[in-house]
Amino acid sequence: MLRTTLAGLRLHVSRYVTTILAIMLGVMFVAGTLVFADTLEASYEKSVMGSATSVDAIAVPDPVEDEDGFPGDPVPFDQSVLDDIRALPEVAEADGLIRGQAVLLDAEGRAFGFTPPTAVAFGETTRFSASEGELPAADDEIALATSTADQTGFEIGDTVTVLDTEQDKRDFTLTGLVDFGVDTGYAFGGAVVFAQDDIQQMTGAEGYSELNALATDGTSDEDAAAAIATVTGTDVQTGAQFGEEMAESAGGDTEMLRVALLLFGVIAMFVAGIVIYNTFAILIAQRQRELALLRCVGAKRGQVFRSVLTESFVVGFFASALGVLAGVGVGAAGARFGGPLMGNEATASLVVTPTAVIVGLLIGTLMTVFSALIPATRATRVAPLAALRTSATASGLEKGTGWVRAVFGVLAFAVSAALVALSQMGPTDTTGLFIVTGAAMTAFVGVVVLGPLLVRGIVRVIGIPLRRTGVPGMLAVDNSTRSPRRAATAMIALTVGATLITGYSVISDSFETTLTEQLEREFPVDYQVSAQYNPEDQANTDGSEDDDAAEGAQGGDGLEEGSPNEDGAVEGPATEDETTDSASVDGLPVDESTGDPLVPSEIEQTLSDSPQVGKVMSERFTMVDEDPDDFSTMALPVSAYYGAEMGVDIRGEAIEGDLSDLEPGKVLLTENSAEGQGVGDTLTIPAPGGDLDLEIAAIVETNATFWGAVVDPEDFTAAFPEIQEARYLHLRSADGADPADVRDAVYSAVEEYPTVQVMSVAEMKNQFSEMMDIAFYTIAAMLGLAIIIAVFGISNTMALSVLERTRESALLRALGLAKRQLRRMLSVEAVLLCMIGAGIGITLGVLFGWAAAAAVLPGLVFSVPVVQIAVFIAVAILAGLLAAVLPARRAAGTSITGALASE
Amino acid sequence: MSTPAAQSPSPVQAPPVVVARGLTKTYDTGGSQVHALAGVDVDFHRGAFTAIMGPSGSGKSTLMHCLAGLDVATSGTVHLGRTQITGMRDGDLTLLRRDRIGFIFQSFNLLPMLTAEQNILLPSQIARRKVDQERFDHIIDVVGLRDRLGHLPAKLSGGQQQRVAVARALLNAPEVVYADEPTGNLDSRSGAEVLAFLRDSAKDLHQTIVMVTHDPVAASYADRVVFLRDGRLVDEVVDPTAEVVSEHLLKLEA
């Protein structure tokens, strides 16, 4: 029996080509993902381990806890600790790493980053080394983190300007680049590296944030670490332990990537499964007589069943093996070209784990065998007598769709609709998202069940104009409904990808529109000016932020985070709650209550005087805390907009009351700060200039604009007389002003203050939509694989149908249908299939994309990305044409007499 | 060779529609050459119903395919009217078949997804030709398909299916109709009906018909029977009866 199976396979191998390709692509993606992630992980581990194990012991200060048990910033080691460690008999050499912050100016002379980058100086003994060039040795030399150099465009040999503690510009020569990898302390906001003698002067940092030591000969790393621990009083790790911990935390990233990619792999395999199922179903139908003959000569049902499964196993295994091979190649290419994009050079050689190979083989083979189960069962039902009947397939038009099927399908749609309605009624959170997902799956089941009916119905409608186009169009319409079940299955494979891509594009587009519209509606400004946000108290900077690399699980995204314009407006005032003794940071005035720098009033003045600027709205801000020691009360953010008319210049969604009711003696409160109070109630704000008793004028939605309490400028000035500068300046262009002139005016106003940040709302919108676009194209590319597999499926279905209709084609040719017309007939049929698949997918995608977006985002502005959908339809048509190329060539190339003669 | 010139029914004497001269067809089957046609000279006259007979493998189907432009002859010429069809390109042959030739095959004559009427009209639609409604009605009534026009082929009996094929072949009044074992799959009654239609249409509509068959009874409906053996024309009978044809056949096979 096995021999018969294999002989049959050899004979029909051409029928399996596209199926093999479909399985191969799916397996390739899965195996490729595994190889890629493994390689990435290994090379990261290698680089981390390589750097960490270059020293024997690493000590970092423990984070301190304040009296309330809240974690505070760790206090760096002072010089005496280092001296004591150096004196230890177990330690051969030891040195410390000093860390602070320094304002780096980009090529245009503006401060780099939303926050100043980390500044570090390594000692003689350090786990870091330059990946390019040299570490700085003299006081006019500097090194940059590789990611920072990429973002600023500086290259080795360039002159780099950094502000020192006095805010004076100092020029350095860039001597080297340091790859900090995904080390969160450095990757986040960028990093500059000074020579050790220089950093004190540049940042004011004192003490060591990290100590690196080498053990003496004969002393184990563990002993050296233990000895150092007695001096520092903290846990001290060996280089290897430190490296392992860091690699582990970074492994989380790779793991996320792996899971995300595998998700697409699963989708691809699912689509491949549909394709496999259809192929086997068609092949079994076509081989009825062959199978019947087997039964005639004595094969049992079980043998027929096993024969089909064996066939699927061989096909699946062969295709999977090819897929694994291709996957290794793809994974290698991914690690080679994709790794650097994620800030991780693939230094390790390709890692092909047995798991990757086994998972690839298993998933492909099992999927194939599983997909062939139903066709195999059907094969056992072939009666031996069928062998004696003439041509069973040619006359066999499929029977209609039963009413049970119709009822079941309609029921699925009804349940789905109910779920969507349910998801829109609840609060906007992730629960709604899960309900929508469930609804989408239910609807998909409905499409599967009703597929044949849908195909027939849609073809009937589209067919009316198509029939008029001539005989090829007419025949194509008729052919596409000949086996609606077959057509439906081929089409559904495409529907999966189409639904996902359209759904995602609708969500992405709606989000983008909603956010930009919200911004425009509530904050119709052109520029926003703010001070560079500084998370640390510059006066006693000790470079103590987030020392423990293992603490932060995120990283590797340093590319995005550093750009100045991204977070500015969306995030609102910062939440830091530190106290400061200094009255000035970076030469800027400082908010006493928060320690955050403010925009100098000089800038405000210059801008107000500028003819290019139509309106300057100055947002002053402070935090009031009734009892700073009582952590049960939250500090209340209080802000006031000078020069702005509430409800006109600054708008928001009022839940209760009206924004324009704000006047002296009244206050606007955001929903989350209201604590059950309503319009008309009184809110008391403790303030240095005397407590304010204010009547609540309106409760507004918490969002990008509003946060906490908004009071009238008059009240703000009276209550906080010491606050004279703005946290933010919101600027609107003068009517008719040339955008370029406005830009020049704004930038020249801040020229003296390099750390003051200017954000163009237009630029921000651009950047935002760019980000969304990149995400969209990435995901679309991933889902593209599922589409390609589906197109293979359609092509395969066409090819098998053509094979089945060889005699028909010959008859048509004999009756005078030109080859060209025959090809067109098949193209139209394939395009029709693709269009129906894409059409249903687009419908589902738009519907569920809307439902999902509306379920998570309040006040969603629904937007359908018409261009993307149009492109998608064009792709579907093109895919259909491509899918028909080979089958059509084959049909047109067959000899008429040969086909007519063959029975 | 019996060419009784004395009996001279008019159809045979009319001008020839299809003329083949020196027709050969050689197949290469893995080294050895098979001569399916080894030099055939034959004429088919307007309004004549001719049967081509011969034992299995005599080349009768190949002859028909070459005459109809479905297959390419190795050498020799075929003329349809004044047009030489040997040497024509595929595109032109397609047009020729579409506009000037009708076909009836043994089985699988009809497209399963089209109704009887759609099948009959198919060649006209391919050619975007206007249908002569009068002729259509006449033919439909003659073959008795009036109440079956809306049926799919699967709902028709074998005889009805062949009658649809006959109607389709006759509708455009092609210069010649080729029928390849048109009754091979039919019971004798249905077969007799179809053959009667063919004979009548040759007589009444002056339709030239060439039929390949191995059934002497079927051949007896024709005006003339030509016999083929080993790729050569070896015999001919005019106004045949089943008995005469059988005799000739037996002689050939002996």
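Which residues of helix α11 of chain A are buried? They are A:A356, A:V359, A:G360, A:I363, A:G364, A:T365, A:M367, A:T368, A:V369 and A:S371. Here a residue is buried if 20 or more other C-beta atoms lie within 10 Å of its own, exposed if 12 or fewer, and partly exposed in between, with C-beta atoms placed from the backbone.

## Before we start

This is a predicted model, in which local features need pLDDT of at least 70, side-chain atom pairs count only at pLDDT 80 or more, and totals for chains, interfaces and linings use all residues. Residues are numbered from 1 along each chain as its sequence is written, while chains are lettered from A and ligands numbered from 1 in the order in which they are written.

## Chain A and its confidence

Chain A has 903 residues, of which 51% count as buried. There are 28 helices and 23 strands in this chain; helices (H or I, at least four residues) and strands (E, at least two) are DSSP runs, numbered from the N terminus. Among contacts in chain A with a separation of 6 or more, 83% join residues 24 or more positions apart. Two residues are in contact if their C-beta atoms, placed from the backbone, lie within 7 Å.

The predictor's confidence in each residue is the pLDDT, from 0 to 100. Its mean for chain A is 77, and 85% of the residues of this chain reach 70 or more.

Helix α11 of chain A covers residues 354-371, 18 residues in total. From its first C-alpha to its last it reaches 25 Å, close to the 26 Å expected at 1.5 Å a residue. The expected span is 1.5 Å times one less than the number of residues.

## The nonpolar cores

A nonpolar core is a set of buried Ala, Val, Leu, Ile, Met, Phe, Trp, Tyr and Cys residues joined through C-beta atoms within 7 Å. The largest one has 279 residues, and those with the most contacts inside it are A:V193, A:A268, A:V271, A:A272, A:I789, A:C834 and B:L198. Helix α26 (residues 819-856) of chain A gives this core its largest share, 23 residues.

Leaving out residues up to four places away in sequence, A:V193 touches A:V120, A:A121, A:F122, A:L135, A:P136, A:I142, A:A143 and A:V178. A second, separate core of 56 residues includes A:V590, A:M646, A:L659 and A:V746.

## An enclosed strand in chain A

Strand β15 (residues 613-624) of chain A is largely enclosed by the rest of the structure, because 10 of its 12 residues are buried. Two strands pair if DSSP finds at least two bridges between them. Six bridges join β15 of chain A to strand β22 (residues 728-733), running antiparallel, and A:M617 has A:H730 as its bridge partner there.

## Strands of chain B

Chain B has an open sheet of four strands in the order β2-β1-β4-β5, with antiparallel pairing. Strands β2 (32-45) and β5 (83-84) of chain B stand at the edges with a single partner strand each, so one side of each is left without a neighbour in the sheet. Two bridges link β4 (residues 75-80) of chain B to β5, where B:L80 stands opposite B:T83. B:T83 counts as partly exposed because it has 13 C-beta neighbours inside 10 Å.

Strand β6 (residues 101-104) of chain B points B:I101 and B:F103 one way and B:G102 and B:I104 the other, and all are buried. Four bridges pair β6 of chain B with strand β7 (residues 176-180) in the parallel sense, and B:F103 has B:Y178 as its bridge partner.

## Where the chains touch

Between the chains, 22 residues of chain B are in contact with 19 residues of chain A. On the chain B side, α3 (90-100) and α4 (116-126) are the elements that give two or more residues, and α3 of chain B gives the most, with six.
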